[in-house]
Amino acid sequence: MQTKSFTQSTTRIWDLPTRLFHLGFACCVTGAIVTAKLGNTWMDWHVRLGISALALLVFRITWGFIGTRYARFSQFVRGPLTVWQYIKTISKPSLKKAGHNPLGALSVLAMLAIIGAQAITGLFANDDILTQGPFAQFVSDSTSSLMTGLHQFNEKLVYITVGLHLIAVLIYSLKGENLIRPMVHGDVATHTLAPNTLPAMDSLGMRLIAIAIALPLAIAAWWLMQLAANAGSSFN
Ligand code: HEM
Ligand code: HEM
């Protein structure tokens, strides 16, 4: 979708499903951390937000295979050599290649893997008081304790990867490259992109496909929340 305005033409890079994923994921992960720190009855919300983050993550992984051009893993996952070459030329002015840059792609993959591990270990975790993940009841106490330990250890990795992500976005902004606006509106000024950059097909058809993926995931998330509610005594 190439759009013209009075001042400048723009190219659609981030499709709506990817942008909504990002918004929802950032809110759920932040909410899960805050509610875990508040503890007590807030743990009910921790479980709900953690499960929602997991559902969003499964959506994003699926979208990484069948989504629009720049959302696809095949478009942005690069080998170490490409990452190294990108780092060497990072300060040289050049027209931007659309989508995640090779270094940003690494941070995206790290966040998906580490937050994914956080959510999966959470499913089996318990706090020995009121709250437990939906699958904790199906495993032995020692397995649940192990998962709880991993959940607590991995927490630091979540802070490191999300912290680096926010610092990187800030550094790019200070250098004059606003990455936040495209992640909100979807578009990048065409004159800043390499010539003949193709737009993402952010069409109604693709959005309907995204809804078709999201619906069963929402049902699965709801089911997991019910399972956790019935297992943990902090739920009413
Ligand atoms: C985005 C994903 C998640 C994040 C960032 C997250 C983060 C956290 C944090 C920071 C804690 C406190 C650990 C501590 O005491 O130091 C915690 C505890 C806990 N989380 Fe999660 N969590 C996530 C997903 C989940 C999920 C999906 C579940 C279950 C459905 C879950 C269940 C629990 C439980 C039962 C505890 C208490 C364990 C304990 O006593 O330490 N979490 N989580
Ligand atoms: C817990 C909070 C956050 C998490 C877990 C998170 C996670 C992610 C993930 C997974 C992506 C990849 C998007 C995709 O391809 O689907 C991404 C991209 C991005 N995020 Fe976040 N994010 C968080 C908060 C924020 C905040 C607060 C901002 C800015 C205000 C931000 C700005 C961006 C931008 C600009 C991109 C695109 C980077 C690029 O152009 O390569 N994020 N984030």
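Start with ligand 2 and select its shell, whose residues divide into 13 nonpolar, six polar and one charged. The model is a predicted one. In total, 20 residues surround ligand 2.

Now colour the helices around ligand 2. Helix 1 (16-38), helix 5 (102-124), helix 6 (141-174) and helix 7 (180-185) each supply at least two residues of the shell. Helix 1 gives the most, with seven residues.

Move to ligand 1 and select its shell. Here 28 residues surround the ligand, and they divide into 15 nonpolar, eleven polar and two charged. Ala36, Gly50, Gly122, Asp127 and Gly133 are the closest to ligand 1. At least two shell residues each come from helix 1, helix 2 (42-66), helix 5 and helix 6. Helix 2 has the largest share of the shell around ligand 1, six residues.

Next, hide the ligands and show the whole protein chain as a cartoon. The chain has eight helices and three strands. Traced from the N terminus, the elements run β-β-α-α-α-α-α-α-α-β-α. Along the principal axes, the C-alpha atoms fill a box of roughly 60 × 40 × 30 Å. Of the 236 residues in the chain, 30% are buried. Among contacts with a separation of 6 or more, 73% are between residues 24 or more positions apart.

Select the largest nonpolar core, a set of 30 residues. Cys28, Ala53 and Leu56 have the most contacts inside this core. Helix 1, helix 2, helix 5 and helix 8 each supply at least two of its residues, and helix 2 gives the most, with eleven. In soluble globular proteins, nonpolar side chains tend to be buried together.

Centre the view on Ala53. Which residues is Ala53 in contact with, leaving aside its neighbours within four places in sequence? The partners are Phe25, Cys28, Val29, Ala32, Ile115 and Ala119.

A second, separate core is the next selection. This core has five residues, including Leu123, Phe124, Ala125 and Ala136.

Turn to helix 4 (residues 80-88) and helix 5. Their axes come within 8 Å and cross at roughly 125°. Helix 4 is therefore oblique to helix 5. To display the contact, select Thr82, Val83, Tyr86 and Ile87 on helix 4, then Pro102, Leu103 and Leu106 on helix 5. By class, this contact has six nonpolar residues, one polar and no charged.

The last stop is Trp223, in helix 8 (residues 204-231). Is Trp223 buried or exposed? Trp223 is exposed, because 12 other C-beta atoms lie within 10 Å, and a residue with 12 or fewer counts as exposed. Finally, draw a distance from the C-alpha atom of Trp223 to that of Pro134: the two are separated by 9.4 Å, although the residues are 89 apart along the chain.

Note on methods: Residues are numbered from 1 along each chain as its sequence is written. Chains are lettered from A and ligands numbered from 1 in the order in which they are written. This is a predicted model: local features need pLDDT of at least 70, side-chain atom pairs count only at pLDDT 80 or more; totals for chains, interfaces and linings use all residues. A residue is near a molecule or strand if its C-beta atom, placed from the backbone, lies within 6 Å of it. Helices (H or I, at least four residues) and strands (E, at least two) are DSSP runs, numbered from the N terminus. Ala, Val, Leu, Ile, Met, Phe, Trp, Tyr, Cys and Pro count as nonpolar, Asp, Glu, Lys and Arg as charged, and the others, Gly among them, as polar. A residue is buried if 20 or more other C-beta atoms lie within 10 Å of its own, exposed if 12 or fewer, and partly exposed in between; C-beta atoms are placed from the backbone. Two residues are in contact if their C-beta atoms, placed from the backbone, lie within 7 Å. Axes are lines fitted to C-alpha atoms, for helices over the stretch in contact, and angles run from 0 to 180 degrees between N-to-C directions. Angles under 35 degrees count as roughly parallel, over 145 as roughly antiparallel, 65 to 115 as roughly perpendicular and the rest as oblique. A nonpolar core is a set of buried Ala, Val, Leu, Ile, Met, Phe, Trp, Tyr and Cys residues joined through C-beta atoms within 7 Å.
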